[in-house]
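Thanks for making the time this morning.

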Amino acid sequence: MSKKAQLLKRQAHKGHVSIIGAGPAGLIAALHIKKNAPSTKVTVIDREIFVGGILNQCIHPGFGLLEFGQELTGPEYAAKVSALCRDFEIEFLTETSVLSINKKLEVVALSPKYGAKKFQSKAIVLCTGCRERSRGALHIPGDRPSGIMTAGLAQKFINIDGLVPGSRVAILGSGDIGAIMARRLTLQGVEVAAVIEIKKSLSARPRNVIQCIVDFQIPIYLEHTITKIVGRERLEKIKVAKILSDGRADFSTEFEISCDTLLLSVGLIPENELAEMAGVALDAKSNGVIVDEKFMSSIPGIFACGNAMKIYDLVDHLSEDSKKAGESVAAYLTAPLVEGKQV
Amino acid sequence: MKRKKTVNFPSYDVVVIGGGIIGTFILYELSHLPLKILLLEKEEDLAFGVSKANSGIIHAGFHEDPKTLKGHYCAKGNALYSKISKKLQLPFKRVGELLVIKEEREYSALHEFMKKGEQNKVTGLKIIDGIELHRLEPHLSEQLVGALYAPSAGVINPYELIYTLARFARCNGATLLRGEEVIAITKDNSFHIYTSKGRYHSKVVINAAGMNGDTIAAMMGVATPAIEGRKGQEYLLDKKHKGLVKHIIFPLPTPESKGTLIIPTLDGPIMLGPTAENMQAKDREDLSTDQCGYQEIMERVKFMLPAINERAIIAGFSGMRPIPREHHDFIIGNTSVAGFFQAIGMHSPGLTAAPAIAMDVAKMVSNYLSESKLIQKQKRCSKDYQQKEHHCLCHTPKKLREVKKFSELQKLWKSDPEYGEVVCRCEEVSLAEIRAAIRDGATTLDGVKFRTRMGMGRCQGAFCTYRAIEVMASELAVPHHKISKKGKKSTIIVATLGKDHE
């Protein structure tokens, strides 16, 4: 390689943006970086085989009304966004896990296809999404049988591979994923025995409460909590009680619900282990990346959008913000250099 | 013509009942002798009984009464861990123990423990004041005024130990059978062992059956104290809180237990617990957790370590200690029945004592076999097994999470591209490691989890279970609905759309 070619290569790398996560936030950010800073090299990295993130397992309708003016399913929404990306030269590294990032904006990724890769980026956009609260984090006491899983895992089993995780199901928490799974399982012939919510009202969006829970006459237990999980091998039953005003269970009201599956849908936590590794400041309460109005985190050049920044109810709102994030990243990259620093 | 069926039942020199720490350690020791040996485990996998909730502490040995077997074996076992961990190439860290006190007048108790420890030949014991204590552990409460420091205490991964011992024993020719519960044992010239799946002959039987040690003893008519359960609840913190304490922190013990501890486990996460709850006989398999235990632990731990954050807890579980009734010590050695040996009632410090106990039991068994002329006395065929064990070590799978350098990462991927697929993101476990675990004998999700740490992190399996089941189903050539958490009825999937399960 000639010296000039080497120099050019280095410069090309200098304009490199690594986007971590190819869900809706990552795809839309990539799209709008490319639109506004066409000479930038954009790489979107995702651990899955397909882009689209969690949308791929959300086969229900209700997406895209704001963004595309038509009602779409999750995979349709993902397909539409990735089709838009196809008009631009965006590099997709699927089946690739990012192992680490740092404040020097180095990204180390690993893939079974091409091994370890290191990128020196000019900007990193964290679109790492979120995870669901686990049983351990919720301190649900009792035995440790099989049949307890997050609603998202159950959704992946049934919608991607047609694997049904239970025959009689109780759902703890009334988040949107839980509500949607209540309907999904009912339609599949699985009995949904209860939706148990510690608060005074269901937390899913009103549309989901009506269409997914009320319309199917699924028993709702508001201001209730699980006091014990029973079952040595597979889950056999749960014990449920009303909660007192101080949040503790009132054991005098305890009763049992027999079920072989318990789905947890008790809230989402931004998945920010990579951000933390680089030293990015996170919100102590929500675990979301703290960003300024330009979606930049506490570390210059590291941006965040989507559920990694804050939990969204609707993908359309997420897309709208991710567009803005993409535009600010483009502005950051194309800003004129003053004394070697960007302004 | 009438045909008479003759069935030859497999015959062994030694059968070990129980695939926990003690059973596998004994098997490992015996595998160095020219004996035909078999281990029977009733659960789906090794380490699924008492051992599965072991906190992984290699105690220094100052807690135990020098007159007891616990006192005799603890420091001895502790010393052996340096050698054994080196030989098996198992990570083991001597992090040290600190027995902390909250009042000046409790110094006398520390001196008593120091005396006990010295009698038990514990090395390096030192009493330190509050200043020194807070220099070692800056996050501990200001209210703590001093401690007994025991640098020889350490932490190990108990599952990794068991599966490695089993792998070595196997490569030395031992047979391990799982999912086989011993139902009856009779004895004439030799022992006849009847299990849920088959029947075996043996010259020697070793009872290492943990919680069921008394049941096995009763089958032989050997008088043994009833084994009672003492439950311990434990809670794990997210590994990002690693380093909050560097030593294992002990309060002054209670008559029931060594108290509620703060344990910096080998793999990073801090473990809090255990409780000590005496169970009724019928409840000795009850491994449930409850709010009371949780609150008790939090209260006690917060007193020692106010910086603890309850929101950092990612998992809670319970274990059961097998305690011989009114005996409060291990039961080790021969019995009224010739050829029937026991190593039961193994509660704390059972893991620590295990290598020393295993060596003694192996010696007893070997002496018995040669003295009673059941086998000819033979020397250890050392060269042969050293070679085999070397081969075994070369095939120990590498761990992705331990590879830090970029060049090594690339080398690892070149050695097997499946190291490039990160299945468990929280604990950084690759597909290659999961496949190796299945080939090592894991048939369940817990089996894979205990071998690789897959699913032990903050998402508790929410992201990796899907892929793990897919890989297990293909590797074991069974449908998805046959894959279980821990065997028997603990399946994950109950139906497949568009397909009839048989």
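Which strand of chain B does strand β12 of chain A pair with, and is the sense parallel or antiparallel? Strand β12 (residues 163-164) of chain A pairs with strand β23 (residues 495-496) of chain B, in the antiparallel sense and over two bridges, where strands are DSSP runs of E of at least two residues, helices are runs of H or I of at least four, both numbered from the N terminus, and pairing requires that DSSP finds at least two bridges. Within that pairing, A:V164 stands opposite B:A495.

Before going on, the conventions: this is a predicted model, in which local features need pLDDT of at least 70 and side-chain atom pairs count only at pLDDT 80 or more, while totals for chains, interfaces and linings use all residues. Residues are numbered from 1 along each chain as its sequence is written, chains are lettered from A and ligands numbered from 1 in the order in which they are written, and side-chain values use heavy atoms, with hydrogens and water left out.

Turning to the interface as a whole, 54 residues of chain A are in contact with 52 residues of chain B, contact meaning heavy atoms within 4.5 Å. The two chains bury about 4400 Å² between them, 57% of it on carbon and sulfur atoms, with buried area taken as the accessible area (1.4 Å probe) that two parts lose on being put together, summed over both. On the chain A side, A:H139, A:R144 and A:E233 lose the most area to chain B, together 15% of what that side buries.

Four salt bridges cross between chain A and chain B, each defined as a side-chain nitrogen of Lys or Arg within 4 Å of a carboxyl oxygen of Asp or Glu. One salt bridge joins B:K240 to A:E276, with the closest N and O atoms 3.2 Å apart, and both residues belong to a network of salt bridges that also includes A:R131 and B:R458.

Within chain B, B:E64 and B:K258 form a salt bridge whose closest N and O atoms are 2.9 Å apart, linking two loops at positions 194 residues apart. Both B:E64 and B:K258 are buried, that is, under 20% relative accessible area, where exposed is over 50% and partly exposed lies in between (1.4 Å probe, protein chains only).

By contrast, B:R439, which bridges to B:E475 at 2.7 Å, N to O, counts as exposed at 60% relative accessibility, and B:E475 as partly exposed at 25%.
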